[in-house]
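The exercises below are meant to be worked with the sequence and the coordinates open side by side.

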Amino acid sequence: HPGETEQTLRATHSFALRLRLHDISVFFMTPFPGSQLYKEADQYGELQGDWQKMNLLNIVFVPKGLTPGTLVLEMRRLVRDFYLRPRIVWSLFRRCLRHPKLVLQMVRSAIGLLRFLRN
């Protein structure tokens, strides 16, 4: 987000881990054309105007003082630290025990998570 720093990324990371959530979704901030944020993005960082990449999954905006590599690293670190906590792993395991039809979906999700963390 505009004004984001390594310090605010770490604070968000800590905050997310303190919440009593079972799942989390993490995306890159995307200033979509026509929005106020799109109009002001150049004041806060670097914006790529490639519309095909504006989908929350690609980095199209990099706040001043950060790099795309830092954003990707921090996203992966947050996802890893969130999902690999014993409480979350145990919760997912219990969910599979209660709903055996979810096992295949959970295995696919785990493989996707490991691929995401590895790349």
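**Exercise 1.** In which loop is the place of T30, and is T30 buried or exposed?

*Solution.* The model is a predicted one, and the first step is to locate the residue in it: T30 sits in the loop that lies between α1 (6-18) and α2 (36-44). The second step is to compare its relative accessibility with the cut-off, since buried means under 20%; T30 has 8% and therefore counts as buried.

**Exercise 2.** Which residues of α4 are buried, and against which helices do they pack?

*Solution.* Begin with the buried set, which consists of I88, S91, L92 and C96. These residues cover an arc of only 140 degrees around the axis, which means that they lie on the same side of α4. As background, an α-helix has 3.6 residues a turn, so residues three or four places apart point the same way. Next, identify the partners: the buried residues of α4 pack against α3 (68-83) and α5 (103-118). Finally, turn to the face directed away from the buried side, where the exposed residues P86, L97 and R98 are found.

**Exercise 3.** How far apart are E40 and I88, in sequence and in space?

*Solution.* E40 belongs to helix α2, and with a relative accessible area of 26% this residue is partly exposed, whereas I88 is among the buried residues of α4. The two are separated by 48 residues in sequence and by 38 Å in space, taken from C-alpha to C-alpha.

**Exercise 4.** Describe the chain as a whole, from its pattern of elements to its surface.

*Solution.* The chain has 5 helices and 2 strands, which follow the pattern α-α-β-β-α-α-α along the sequence. Its C-alpha atoms fill a box of roughly 50 × 30 × 25 Å along the principal axes, and buried residues make up 29% of the 119 residues. The chain exposes about 8300 Å², of which carbon and sulfur atoms supply 60%.

Key: Residues are numbered from 1 along each chain as its sequence is written. This is a predicted model: local features need pLDDT of at least 70, side-chain atom pairs count only at pLDDT 80 or more; totals for chains, interfaces and linings use all residues. Side-chain values use heavy atoms; hydrogens and water are left out. Helices (H or I, at least four residues) and strands (E, at least two) are DSSP runs, numbered from the N terminus. Buried means under 20% relative accessible area, exposed over 50%, partly exposed in between (1.4 Å probe, protein chains only). Accessible areas come from the Shrake-Rupley method with a 1.4 Å probe; for residues, only the protein chains shown count as cover. The arc is that of the directions from the helix axis to the C-beta atoms. Contact means heavy atoms within 4.5 Å.
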